[in-house]
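Subject: Structure handover

Hello,

Please find the structure below. My notes on what was found in it follow.

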Amino acid sequence: MKSLLKKILFGDTAVTEYSTITIAGDIKEKAYLQTACQAIDISTVHWLLCLEPIVIGIWLQNPEEIKALNTSTRLKIIFTDSAGVNKNTTAVLELHLFNSIEENNGTLFLLKLTKCKLHHLNFIKTRLLFSRYYKKPGLSFKKFKSLVAGYSYPRKVRIVSFKEESYYNIFPMDLVGDISHVNRFVFGLRHTNIALSKIIAAGKLVISEISYEHKNIIYQLGKHHGASPPLIGDLPFKVRQTKTYGFYIPEFPDSYKEIKILKTLNLGSHMLMWGEVINEEVLKPLLPGLYHIHFLQYLHQQAKGFNYPLV
Ligand SMILES: Cc1cc2nc3c(=O)[nH]c(=O)nc-3n(C[C@H](O)[C@H](O)[C@H](O)COP(=O)(O)O)c2cc1C
């Protein structure tokens with residue numbers, strides 16, 4: 001009976017928490033910041049940076065947009081499944097501004113989620129999915145909705161490396177913002193991550209762009225290997241060392257950037273790290289990357305006939 005119900009409601013797609021996809025062309029989804037006076041397309045300048053609470057970072061350079069954000073008491077982010085702010089809405093997030101990082105050429109605004117409304121599926125299907133597949137101790141329906149909202153826009157997965165004397169760590173991250181057009185990067189790293197305090201103390205890390213073909217290795221690296229990562233020779237791939245820092249990266253990235261940490265900020269479950277790109281090496285042409293979206297977003301796009309390839 002249960003499997004029949006699942007088939008009727010969700011077809012043959014295996015239910016997962018996040019769907020791992022690849023995107024060859026442009027991202028179809030859009031993100032709009034609704035201020036008191038205008039809707040700003042923030043699709044390429046917004047990033048999920050913390051999960052508890054949900055914190056979204058937005059980089060703005062236009063003085064009018066900066067003023068609009070700073071003077072608005074009510075702020076909303078509207079995710080849509082394709083271009084157009086008033087149609088195809090998948091999630092509406094209400095947020096408040098709690099901090100910002102100002103630079104000469106722009107500001108990173110940090111907005112904390114207060115509540116959200118989902119429109120991926122109808123309410124009954126959403127509730128059924130939650131109670132049948134996601135509900136667990138510590139995950140309320142409210143919390144579940146906030147994660148779905150955060151992953152209603154594809155989040156690119158990259159590999160982070162750190163090294164200090166004999167200690168090294170290589171692990172995946174998707175809470176990352178690429179603002180390299182102004183030589184900046186922003187990261188959301190969990191306080192439980194063993195390397196966090198070392199990265200902050202050294203003020204250095206390396207970020208690598210990886211194609212989706214290496215998904216399995218990426219997930220192996222995501223497994224908590226704690227304080228003592230395997231010997232370099234025992235890794236399931238060869239490594240090379242980066243030009244300036246000499247950190248280990250897998251041999252297969254398309255490019256890497258060496259980052260100097262300028263500032264850190266505690267967001268809750270994750271620490272924000274604000275960094276400057278001090279060196280970039282392009283190793284080969286950029287191949288399509290690996291992205292995360294929530295399963296509800298995948299189902300929604302599938303129902304609309306424009307879902308990305310699952311990998
Ligand atoms: C695809 C993927 C993306 C991840 N993104 C993040 C992230 O953005 N921030 C984070 O703190 N942890 C992230 N993680 C979890 C870390 O990679 C994981 O905590 C780390 O590998 C554990 O290392 P440790 O045991 O050495 O602390 C991600 C894991 C996976 C599989």
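How do the residues of the shell around the ligand divide into nonpolar, polar and charged? There are nine nonpolar residues, nine polar ones and two charged ones. Please keep in mind that this is a predicted model.

Ligand site

The ligand has 20 residues around it, and those that come nearest are Asn169, Pro172, Leu175, Gly188 and Arg190. Three elements each supply at least two residues of the shell: β10 (167-173), β12 (184-190) and α6 (215-221). Strand β10 gives the largest share, with four residues.

- Asparagine 169 has a polar side-chain atom 2.9 Å from an oxygen atom of the ligand.
- Arginine 190 uses a polar backbone atom, which is 2.7 Å from a ligand oxygen.
- Leucine 221 also has a polar backbone atom at 3.3 Å from an oxygen atom of the ligand.

On its own the ligand has 630 Å² of accessible area, and the protein covers 90% of that.

Aromatic pairs

The count of aromatic pairs comes to 14. One of them joins tyrosine 168 and tyrosine 248: the ring centres are 5.7 Å apart and the planes are at 85 degrees, an edge-to-face arrangement. This pair links distant parts of the chain, since tyrosine 168 is in strand β10 and tyrosine 248 is in strand β15 (residues 248-250), 80 residues apart.

Are the two tyrosines buried or exposed? Tyrosine 168 counts as buried because its relative accessible area is 6%, and the cut-off for buried is under 20%. Tyrosine 248 has a relative accessibility of 19%, so tyrosine 248 counts as buried too.

Elsewhere, ring pairs link Phe123, Phe130, Tyr134, Phe141 and Phe144 into a cluster.

Charges over rings

Which rings have a charged end sitting over them? Phenylalanine 98 is one of them: the charged end of lysine 112 sits over its ring, 4.6 Å from the centre. Tyrosine 133 is another, with the charged end of arginine 132 over the ring at 4.7 Å from its centre.

Regards

Conventions:
Residues numbered from 1 in each chain as written. Predicted model: local features only at pLDDT ≥ 70, side-chain atom pairs only at ≥ 80, totals over all residues. Heavy atoms only, no water. Near = heavy atom within 4 Å. Polar contact = N/O pair within 3.5 Å; in protein donor to acceptor, adjacent residues only side chain to side chain. Areas by Shrake-Rupley, 256 points an atom, 1.4 Å probe, with all protein chains shown as cover. Nonpolar A, V, L, I, M, F, W, Y, C, P; charged D, E, K, R; others polar. Phe/Tyr/Trp six-rings, centres within 6.5 Å; stacked < 30°, edge-to-face > 60°. Buried < 20%, exposed > 50% of the residue type's maximum accessible area, 1.4 Å probe, protein only. Lys NZ or Arg CZ within 6 Å of the ring centre and 35° of its normal.
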